[in-house]
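Dear colleague,

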Amino acid sequence: MEIKIDNMIKEKVQNASVCCIEASIKVEESSEELIEYIKAECEKIEKEMTTEDIASNDVIKANRTAYKACGKNPSRYRTSSEALLRRIVQGKGIYFVNNIVDINNVVSMKSGFSIGSYNTDKIHGDIVLTVGKEGECYQGIGKGDINIENMPVLMDDDGKFGSPTSDSKRALIDDDAENIIMCIYSFSGTEGLKEASDEACNLLEKYASAKNIKVGIYE
């Protein structure tokens, strides 16, 4: 499996990058220790951040600029990291799903990067970061059809399956997943990606018995 960023998005967003973590993992309900860690981070964000702070965050600003450049309204189609931070700041907390998704979310809210985790056994061929074409959509996780036209998206030989806003059901992380790829999306170059991936790897090892970890940064 190769990871590529195609010219379609590079022409619109020169600093588009993605950090990918591949690993063999064990999916299970998050431990109390992981849940307490995530809750503590949520409380910290809720106390220290405002919606204005989110809007002025460099990573979030780069995300919004990238969406505009691709032709997508970033206020109507927020990246998952912005939506997550806004939810926390508004005191709504977050949902706990499983250890992989929960690790995904805590790294995202701490770094500001949108992150998607996918079952690699459901992905075929190379992964390409591109831009959704006119009229394209896919079935989102718990959200019905997602309009991915003019949105940065991941695709494989079977079609589009993930984006910084919302992922498709095809490669979701369920209890049967044994191998994952966690993609950290950046539209401001590679700064901060190593730090985010280091934390993700540490949490995956500690709370998901991760093995055979491979990390790559692509730009």
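Leaving aside neighbours within four places in sequence, which residues is Ser166 in contact with? They are Tyr138, Lys143 and Ile146, where contact means heavy atoms within 4.5 Å.

The model is predicted, so local features need pLDDT of at least 70 and side-chain atom pairs count only at pLDDT 80 or more, while totals for chains, interfaces and linings use all residues. Residues are numbered from 1 along each chain as its sequence is written, and side-chain values use heavy atoms, with hydrogens and water left out.

Ser166 lies in the loop between strand E8 (159-162) and strand E9 (179-186); helices (H or I, at least four residues) and strands (E, at least two) are DSSP runs, numbered from the N terminus. Ser166 is buried because its relative accessible area is 8%; buried means under 20%, exposed over 50% and partly exposed in between (1.4 Å probe, protein chains only).

Asn15 belongs to the loop between helix H1 (7-10) and strand E2 (17-24). Its relative accessibility is 43%, so Asn15 counts as partly exposed. Not counting residues up to four places away in sequence, Asn15 touches Lys10, Ser186, Phe187, Ser188 and Gly189. Between Asn15 and Arg87 there are 72 residues in sequence and 27 Å in space, C-alpha to C-alpha.

Finally, Glu46 is located in helix H2 (residues 32-48). With a relative accessibility of 41%, Glu46 counts as partly exposed.

Yours sincerely
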